[in-house]
Amino acid sequence: MNEQPVNPASAIHSSPLDTPLNPTPVDWSNKRLFALFLPLIIEQLLIVMISIVNMVMVSYVGEHAMSGISLVETINFLIITAFNAIATGGSVVISQYLGRKEEKNACGSAKQLVYISLIISLILMVLTLFTRRPMLSIIYGNIAEDVMQSADVYFLFIALSYPFLAIYTAAAAMFRSMGNSKVPMRAVILLNIFNIGANALFIYLLKLGVAGAALSTFIGRVILAVLLIYLLMKDKTRIINLSGIMKIKLDKDMIKRILKIGIPSSLESSMFQIGKILITRIFTIFGTAAIAANAVSATINSIAFMPGSGFGMGLLIVAGQCIGAGDYSAAKRYTKKIMLLSYLTYLFININIFIFMNPIVSIFNLSEEAFKMCVLFLTVHCITSTLFWCPSFVLPNALKAAGDANYVMIVAACTMWLVRVCAAFLLAFTFGLGPVAVYVAMGADFLFRGIFFTKRWLSNKWMEKKVI
C-alpha cells in the first residue's frame, strides 16, 4: 500500500476557512451516489415494513396488545439508538481511513467496532432483562394490566435480541462505509420475508399473540447478525473484512476514535429518546385510544423518516470520505446535493401520506376515537416535518462526519428538552390541546434544531475538528 501524504486537515487550522494544501480527490459520481442511496432508502423502508407488519398482525389480538408493543418500542428505540450511535462512530472512522486510502487501519477500526458493540449490547441486555417491568411502571405509571402484560412479554424477547441487533448494526455500517449498501438491503429483504411467515405461524396458527411477534423479531435478528458477520469473515478480498476477528485484541486508541463520535451521538440520541418517552406519558394519561393512535401515527410517519435516514447514513459516508481525504470543497458540494435529494424525497412521500391518509389508517383496525386522533396527528406531522425535518436530522450527519459530534449533541439535547418537552406539556394541559400537543411541539423542535445545524454548517467551524 502506497504511503499517503500527511493530511493537512488533521492539523489545527488558523481559520475554519483554510483548505488542505494537497487534498486527495474524492469522486462520488451520480451513478455511484445512486448505487449507494437507492439500496439505503429501500433498506430503511423495509425496516419500517417489519414494524408495520408486526403492528397490523398484532392489532387483531386487540388494542391492548398493540398498545403494549408500542410502549416497549418507544423504550426499545432508545436502546437501538445507542447501537446506531456506536455504529456511527465506526462509520466515521472507517470512512475517513478509506478516504485516506488506509485500508489496514479501516479494517482494524471495523474489528474494534464489533468488539465494543458486543460488550455494550450484553450489558444493556442484562440490565433490561432484570428491570423491564419496573422500568415500564416508572416510565408510564399506572397502565391497564392487559397492556402491561403484553408489554412485559414482548420486552423479554426483544431484550434477548440486543447482542444480535448490535452486531448486525455494526456489520451493516461496515458494508455502507465501503459504498456497498446492497448487502444490508438484501439482508433486510430476507428478514421481511421471514418475518411475515414467522408472524403468520406464531400469531395466527400457534396463537402466541404478542409473544409470537416478539419471537419472530428475535429469530430474524439472529439470522441477520450471523449472515453479515459470516460474509465479512469469509471474503478476505473486501476492502473491509473481519479476517482474524476471533483473535480478540482491543485497541484502546482505535476505540477512543470510535467513541469520540459514538459517545456524543449516543448521548444525543439517548436524551432525545428519553424526552420522547417522557412525552409518551401524555398519551397514557389520555387513555388506550390515544396510545393506539400514536402507535399507528408513529408507524406511518416512519415511512417518511426512513428515506431521510437513508440519506443521512449516506451523507455520513460520503462526507466522511471527503473529509478523510482532505477534500472539504467536495464535502460541501455533496452535502448540498444530498440535502436537496432528501428534501424532494420527503416532500413526495408526505404528500402521498396526506392524500391517502384515511385508507392507510384504516388498515390498523382502530376504534373510531383512535382513528380520528391518528388522522389529526398525521396531519400536523406531515406539514411540520416536510418543512423542517431534513436540516434537523440529515444535515447533522455531515457535521458528525467531520468530528463535530459534540455540537450536534448539545443542540439536540437543548431543543429536545427546552422546546419539545416543555411545549408538549404546556400545550397539552395548560392550554388544553390534549395529545395533539405532542405533534405540535415536535414540529417546533424540528424548526429550532434545523436553524442551529444550518448555521453551524455555514460557519465552517466543523472544518477545525479532527477524528483520525
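This is a predicted model: local features need pLDDT of at least 70, side-chain atom pairs count only at pLDDT 80 or more; totals for chains, interfaces and linings use all residues.

Guide: Residues are numbered from 1 along each chain as its sequence is written, and side-chain values use heavy atoms, with hydrogens and water left out.

Visitor: Which residues is methionine 174 in contact with, leaving aside its neighbours within four places in sequence?
Guide: Contact means heavy atoms within 4.5 Å. By that rule, and with the sequence neighbours set aside, the partners of methionine 174 are Ile94, Ala110, Leu113, Val114, Leu232, Ile240 and Leu242.

Visitor: Are helix 4 and helix 7 roughly parallel or roughly antiparallel to each other?
Guide: The axes, which are lines fitted to C-alpha atoms over the stretch in contact, with angles running from 0 to 180 degrees between N-to-C directions, come within 8 Å for helix 4 (residues 145-160) and helix 7 (residues 210-234) and cross at roughly 10 degrees. Angles under 35 degrees count as roughly parallel, over 145 as roughly antiparallel, 65 to 115 as roughly perpendicular and the rest as oblique. Helix 4 and helix 7 are therefore roughly parallel.

Visitor: How many nonpolar, polar and charged residues does the contact of helix 4 with helix 7 have?
Guide: Among those taking part are Tyr154 and Phe157 of helix 4, together with Leu215 and Arg221 of helix 7. Ala, Val, Leu, Ile, Met, Phe, Trp, Tyr, Cys and Pro count as nonpolar, Asp, Glu, Lys and Arg as charged, and the others, Gly among them, as polar. Sorted in this way, the contact has 11 nonpolar, 2 polar and 1 charged residues.

Visitor: Is lysine 400 buried or exposed?
Guide: Lysine 400 lies in helix 13 (residues 396-401). Buried means under 20% relative accessible area, exposed over 50%, and partly exposed in between (1.4 Å probe, protein chains only). Because its relative accessibility is 10%, lysine 400 counts as buried.

Visitor: Which side chain is joined to that of lysine 400 by a polar contact of 3.1 Å?
Guide: Lysine 400 touches several residues beyond four places away in sequence, including Thr88, Ser265 and Glu268. A polar contact is a pair of N or O atoms within 3.5 Å; within protein, one must be able to donate a hydrogen and the other to accept it, and residues adjacent in sequence count only if both atoms are side-chain atoms. The 3.1 Å contact leads from lysine 400 to glutamate 268.

Visitor: Is lysine 207 buried or exposed?
Guide: Lysine 207 sits in the loop between helix 6 and helix 7, and its phi is near 55 degrees, a positive value in a residue other than glycine. With a relative accessibility of 67%, lysine 207 counts as exposed.

Notes
Helices (H or I, at least four residues) and strands (E, at least two) are DSSP runs, numbered from the N terminus.
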